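Reader: I would like to go through this structure term by term. Please set each value against its definition.

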Protein chains: 2
Amino acid sequence: MGLTRKGQATRERIVSAASRLMLEQGVARTTIEDIQNAAQVSPSQLYHYFPGKHALVLAVIDHQTGQVMDVQHQGLDQLDSFPALKSWRDLMVGILTKVQCAGGCPLGLLASDLAEADPVARVQLANAFAMWEGLLREGLEQMQERGELSKTADAEELALAMLAAVQGGLLLSQVRRDPKPLVTAVDTMIAHLRTLAA
Amino acid sequence: MGLTRKGQATRERIVSAASRLMLEQGVARTTIEDIQNAAQVSPSQLYHYFPGKHALVLAVIDHQTGQVMDVQHQGLDQLDSFPALKSWRDLMVGILTKVQCAGGCPLGLLASDLAEADPVARVQLANAFAMWEGLLREGLEQMQERGELSKTADAEELALAMLAAVQGGLLLSQVRRDPKPLVTAVDTMIAHLRTLAA
């Protein structure tokens, strides 16, 4: 896009404000005016970067995908062992506990909010989840290479089931305000992986 | 509440219309006027049954909890075996396929929509999920009684992990418009239960 450094900073401020508001209130409850006020930009500044709310929604999905992937990489970069899976699980539980289980997964929240209302956003979110699933799958494949997980295990299906456990666990933890659903869902999947240890 | 039969029918028509609209558009995008129009009632008729939107939201959660529990009972009433778990899984996949994976789980959707915005709705949804989890736990306990599942297995944790698999699987299936995430998540949990067979 060739933005100046200042332009880039303004754009980021708008996207951060839009992310925060859309995740807190939901996309429908968030107006362009809310975002302008929160980001402290004028209407013309905002429209310079984003032609409308839909463009902002897509930018928010991108932004949140980046944030989630950063956290996943932090926990998963060295994922080639059961202790690494345990650290990754602890990282997610730690983040959840810090916010008293409020908020849920930003990608899960946006998915639930937008899957029916916005087909373009839905596809973008499907791609984000596919990236996440790929990261989990690569980790499991590394464990297979290293002989820690049976070569007959289906790394693709296990990665998808693990991602579902994370998403379902986070949603139930958010509703119950209790980390137990996430902990139980992920630990059960790790226990299942252990039954498939080479 | 002591409604007449006609009053009961009107109330149900309002709740059905509110359910459909809130699940299709999200709670925030649904106005009282939308619901009046869809249910073909006057403002005074609507306010006779529901003092405002919040009362409607709670009635919709009740309504959807009843619907989900009906389906779960249909699949789970005789849950005391692996074949019964398989039938329950087939029932959910069948429903999902019939709607081309659109819509997601009504309770999951409402949870994601309302967990932060409405603390009363959040607690009501937590209770709905607890009922669902209880149904799954009772089934697993019956399998333990019948000697099909090890007595050392933690039925409570396994039920919670299964519910998380269902919720995460449904969300990912909705986003991908593909039954595979639900199928894989639930099948992986069933495979895990098989490793705990007595």
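Author: Start with the pocket. On a 1 Å grid over the protein atoms alone, a pocket is an open set of points with protein on both sides within 12 Å along at least five of seven lines, while a cavity is a set where a 1.4 Å probe fits but cannot get out; lining residues have an atom within 4 Å of a point. Grid points are joined across faces, edges and corners, and a volume is the space filled by probe spheres set on the points. By that rule the largest pocket has a volume of about 710 Å³. This is a predicted model: local features need pLDDT of at least 70, side-chain atom pairs need 80 or more, and totals for chains, interfaces and linings use all residues. Residues are numbered from 1 along each chain as written, chains are lettered from A in the order written, and side-chain values use heavy atoms, without hydrogens or water.

Reader: Which residues line the largest pocket closest to its centre?

Author: The lining has 24 residues, and B:Gln64, B:Ile95, B:Gly104, B:Cys105 and B:Pro106 are the closest to the centre. Two or more lining residues come from each of α1, α4 (53-76), α5 (82-98) and α6 of chain B. Here helices (H or I, at least four residues) are DSSP runs, numbered from the N terminus. The largest share, 6 residues, is from α4(B).

Reader: What makes a lining residue of the largest pocket nonpolar, polar or charged?

Author: Ala, Val, Leu, Ile, Met, Phe, Trp, Tyr, Cys and Pro count as nonpolar; Asp, Glu, Lys and Arg as charged; the others, Gly among them, as polar. For the largest pocket that gives 13 nonpolar, 8 polar and 3 charged.

Reader: What is the charged count in the lining of the second largest cavity?

Author: None: that lining divides into 8 nonpolar, 11 polar and no charged residues. The second largest cavity has a volume of about 190 Å³. Its lining has 19 residues, with A:Ser112, A:Leu171, B:Gly108, B:Ser112 and B:Leu171 the closest to the centre. The largest share, 5 residues, belongs to α8(A).

Reader: Why are the two copies said to be related as by a two-fold rotation axis?

Author: Copies are superposed by least squares on the C-alpha atoms of residues with pLDDT of at least 70 in both. A rotation of 180° with 0.0 Å of shift along its axis puts chain A on chain B, at RMSD 0.0 Å. The copies are therefore related as by a two-fold rotation axis. In chain A, A:Gly168 comes closest to the axis, at 1.9 Å (C-alpha).

Reader: Why is B:Asp187 called partly exposed?

Author: Buried means under 20% relative accessible area, exposed over 50%, partly exposed in between (1.4 Å probe, protein chains only). B:Asp187 has 29%, so the residue is partly exposed. B:Asp187 sits in helix α9 (residues 180-195) of chain B.
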